[in-house]
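Trainee: I have not looked at this one before. Can you walk me through a few spots?
Mentor: Fine. Open it up and ask as you go.

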Amino acid sequence: FAFTLRGGRYVYRNPGKNTIGYIDRKREKFALETATKLGLDNTYLYEDENEGWKISYFVNITEPFDFTNKSHMEKLCSHLKALHNAGVQYGSEFDYFEEADKLIERLKILDYNAAEKVIPLRDRITTLNESNKKDNWPTVLCHNDIYETNILISDDNLYVIDWEYA
């Protein structure tokens, strides 16, 4: 929710119960601090790395991010390139297959039939995953959740927010 305090506007996030034990809040905080230092997310103020609650500056969104907007894409690509070129490493990798397996197990509890539909897709990309692990490219910090609602446009500024999957 948004709130005002001493003339400033802020956003408070209280994470959902479904994220407990799933999101690495220490990694998220590291990513948020890195994104702030690199000028990619100037909204971040504080995150509790144990509970996951977060306070950010409020951003007045002047237009929704649009992947078909050339100006938006140029700014986003510039941000992502800056992140990649910084060469920042956290110390442990985000293993997509391990994370996919966690999601599938959770989905089985909520909707077994939906989970069964996802498993063949996961299995089909096994070869790609094995190939990627052998490519010898350096592994660096990345966002891993780039979609419209995680990219804010305010006037001429672009902010990449929500780093919980970094």
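**A few residues and a hairpin**

Trainee: Where is L152?
Mentor: This is a predicted model, and L152 is found in strand 6, which covers residues 151–154.

Trainee: Is L152 buried or exposed?
Mentor: L152 counts as buried, because its relative accessibility is 13% and the cut-off for buried is under 20%.

Trainee: What does L152 touch?
Mentor: Leaving out residues up to four places away in sequence, L152 touches V59, I61, N157, L158, Y159 and I161.

Trainee: And how far apart are the C-alpha atoms of L152 and A35?
Mentor: They are separated by 14 Å, with L152 and A35 117 residues apart along the chain.

Trainee: New topic. Where does K29 sit?
Mentor: K29 is in helix 1, residues 25–37.

Trainee: Which side chain of opposite charge is nearest to K29?
Mentor: That is E49, 4.1 Å away. K29 is buried yet has no salt bridge, because a salt bridge needs the charged atoms within 4 Å.

Trainee: What else does K29 touch?
Mentor: Besides E49, K29 touches Y44, Y46 and E47, again not counting residues up to four places away in sequence.

Trainee: How do strand 3 and strand 4 pair?
Mentor: Strand 3 (residues 44–47) and strand 4 (residues 54–57) pair in the antiparallel sense over 3 bridges. In strand 4, K54 is the bridge partner of E47.

Trainee: What is between the two strands?
Mentor: Strand 3 and strand 4 form a hairpin with 6 residues between them. G52, in the turn, has a positive phi of about 90°.

Technical notes
Residues numbered from 1 in each chain as written. Predicted model: local features only at pLDDT ≥ 70, side-chain atom pairs only at ≥ 80, totals over all residues. Heavy atoms only, no water. Helix = DSSP H or I, 4+ residues; strand = E, 2+ residues; numbered from the N terminus. Buried < 20%, exposed > 50% of the residue type's maximum accessible area, 1.4 Å probe, protein only. Lys, Arg positive; Asp, Glu negative; His and termini not counted. Contact = heavy atoms within 4.5 Å. Pairing = 2+ DSSP bridges.
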